[in-house]
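This briefing goes with the sequence and structure shown below. Please look at both, then read the points that follow.

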Amino acid sequence: MLPTIPIDLRSDTVTRPSPDMRRAMADAVVGDDVFMEDPTLNALQRRAAEVFDREAALFVPSGSMGNLTCVLAQTRPGQEVICETNGHVYNYEMGALSAVGGVLPRVVDGENGLLSWEVIAKAIRPKVYYRPQTALICLENTVNMAGGTVLPTSRAKDICDRAHAQGIHVHLDGARVFNAATYLNERVADMTRPFDSVQFCLSKGLGAPVGSMIVGTRDFIEHCRSIRKMLGGGMRQAGVLAAAGLVALEHGPKRLQDDHDNAKVLANRLADIEGVTLDPQSVQTNIIIFSLKDSGVSSAELLQRLAERKVLAVPVDGERIRMVTHLDVTRQDVEAAADVVRSAMMR
Ligand code: TLP
C-alpha cells in the first residue's frame with residue numbers, strides 16, 4: 001500500500017514542534033534580547049553552556065549563521081580556513097566564508113568525511129610573511145555529506161591539541177553533535193572540550209523549529225554577540241523560540257537512538273534492493289546516502305518516482321540520494337519507504 005501522507009526523509013530539519021513545545025512557546029516569558037533582557041533566551045543560553053561545560057552560549061537563528069559567526073570571530077580577511085572537501089561550511093553556506101569573511105577556504109579530502117592531523121598538517125601554510133596564514137580548522141560531527149559519520153573523540157582531541165600547538169584555532173560544526181554523542185555514548189561536553197568554538201543545531205534532530213547555539217568562553221561569546229548583530233541576527237522577543245529550544249535540548253537527545261535504529265532498518269532494507277548500492281554497516285547515525293551507480297536510473301528520476309508515491313528525499317549528486325530519519329518518521333514509515341523505493345526502482 002502506498003503511503004497516504006508524505007514520508008519526508010529530505011532532512012531532520014523538517015520536523016514540526018510537538019504540542020508540548022508549542023505550549024512552552026505560547027507560555028514563554030519574553031523580553032528584548034538586544035537589551036539581553038529575554039529571560040527565556042537567557043535560560044536557554046545558560047542551559048546550553050551548562051550542557052557543554054562552557055562559560056557561555058549564544059542563540060543564533062541558524063547553523064549557517066553560527067558557523068559564520070565563529071569563523072569571523074577567529075579569522076582576518078586573507079587568512080585560510082581548512083575544511084573537508086564535502087564540508088557543509090564550504091558547500092552549503094553560500095561561500096559566506098569568502099563572501100562575508102574574506103577568508104580562503106582550503107579544502108582537503110577526509111576519509112568518509114573525517115579529517116586526521118596527517119591530512120591537515122600538509123595543508124597548513126608555512127609562516128612566511130607573504131603567504132596566507134592558516135587561522136582556523138573547521139571540523140564537522142556528524143559529517144552530513146559522508147552519511148552522518150562520527151568523528152572519534154580521540155581524533156578530535158589530537159587535531160585540536162596539535163593545531164593549538166601551532167596557534168591555530170579549531171571550530172566544530174556540531175549541527176548534529178548530539179547524534180554523534182548518541183552513537184559514541186559519550187557526553188557532548190567531553191567530546192567537544194578541546195574545540196575553541198562549537199556550533200550545534202536545535203532545529204535538526206532535537207526538533208526545535210528554529211535556531212542554533214554557539215558555545216565557548218565568556219569573552220568569545222561576547223565577541224560573537226557583536227558579530228551576530230553585525231550579520232543582522234540580533235533578535236528581540238526571541239524567548240518564544242528559546243522556549244522551543246529548551247524543550248529540544250532537554251528531551252531531544254534522549255530519543256535520537258530511535259532515529260538511528262530507524263535509519264539502520266531503512267538501510268538494511270534499501271541494501272537489499274536491486275540497483276541500490278549501500279553498505280548498511282556504514283550507517284552510524286540518522287543519515288543514509290545510497291548510490292544508484294550502474295542501475296540505469298538517475299537520482300533525479302528515482303526522486304521523481306518516489307515523490308509520486310509520497311516518499312521525499314534529496315539528491316547528493318546525479319547518482320546518489322540522501323535520506324534522513326527524524327522524530328516525525330516512525331518505524332512503519334521507514335519500512336513503507338523502503339517498499340516504495342523497491343517498487344520505484346522497477347518503474
Ligand atoms: N544542513 C541541511 C542542508 O543545508 C544540507 C540539511 O538538510 O542537512 N552544518 C551542517 C553539518 C548542516 O547539515 C547544516 C544544515 C548546517 C550546518 C546549517 O544549518 P542551517 O540550515 O540552520 O543554517
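Is Asn-112 buried or exposed? Asn-112 has a relative accessible area of 54%, so Asn-112 is exposed. The model is a predicted one. The points below cover backbone geometry, the ligand and the cysteines.

**Backbone geometry**

- Asn-112 has a positive phi, near 55 degrees, although the residue is not glycine.
- Asn-112 sits in the loop that runs between strand E4 (104–108) and helix H6 (117–123).
- Asn-185 also has a positive phi, near 55 degrees, and is likewise a residue other than glycine.
- The loop between helix H8 (177–184) and helix H9 (188–192) holds Asn-185.
- Asn-185 counts as exposed because its relative accessibility is 71%, which is over the 50% cut-off.
- The peptide bond that leads from Asn-141 to Thr-142 is cis, and its omega is near 0 degrees.
- Thr-142 belongs to the loop between strand E5 (134–140) and helix H7 (153–165).

**Ligand surroundings**

- The ligand is surrounded by 14 residues, and the closest are Ser-11, Ser-64, Asn-144, Asp-173 and Arg-176.
- Sorted by class, this shell has seven polar residues, six charged residues and one nonpolar residue.
- Helix H3 (residues 63–74) gives the most to the shell, with three residues.
- An oxygen atom of the ligand lies 2.7 Å from a polar side-chain atom of Ser-11.
- In the side chain of Asp-173, an N or O atom is 2.7 Å from a nitrogen atom of the ligand.
- In the side chain of Arg-176, an N or O atom is 2.8 Å from an oxygen atom of the ligand.
- On its own the ligand has 510 Å² of accessible area, and the protein covers 82% of this area.

**Cysteines**

- A disulfide is a covalent bond between the sulfur atoms of two cysteines.
- How many disulfides does a search of the whole structure find? The search finds zero.
- Cys-160 is in no disulfide, and the nearest cysteine sulfur, that of Cys-138, is 11 Å away.
- With 0% relative accessibility, Cys-160 counts as buried.
- Cys-201 is in no disulfide either, and the nearest cysteine sulfur belongs to Cys-70, 11 Å away.
- Cys-201 has a relative accessible area of 2% and is therefore buried.

Terms used. Residues numbered from 1 in each chain as written. Predicted model: local features only at pLDDT ≥ 70, side-chain atom pairs only at ≥ 80, totals over all residues. Heavy atoms only, no water. Disulfide = S-S within 2.5 Å. Buried < 20%, exposed > 50% of the residue type's maximum accessible area, 1.4 Å probe, protein only. Near = heavy atom within 4 Å. Polar contact = N/O pair within 3.5 Å; in protein donor to acceptor, adjacent residues only side chain to side chain. Areas by Shrake-Rupley, 256 points an atom, 1.4 Å probe, with all protein chains shown as cover. Helix = DSSP H or I, 4+ residues; strand = E, 2+ residues; numbered from the N terminus. Nonpolar A, V, L, I, M, F, W, Y, C, P; charged D, E, K, R; others polar.
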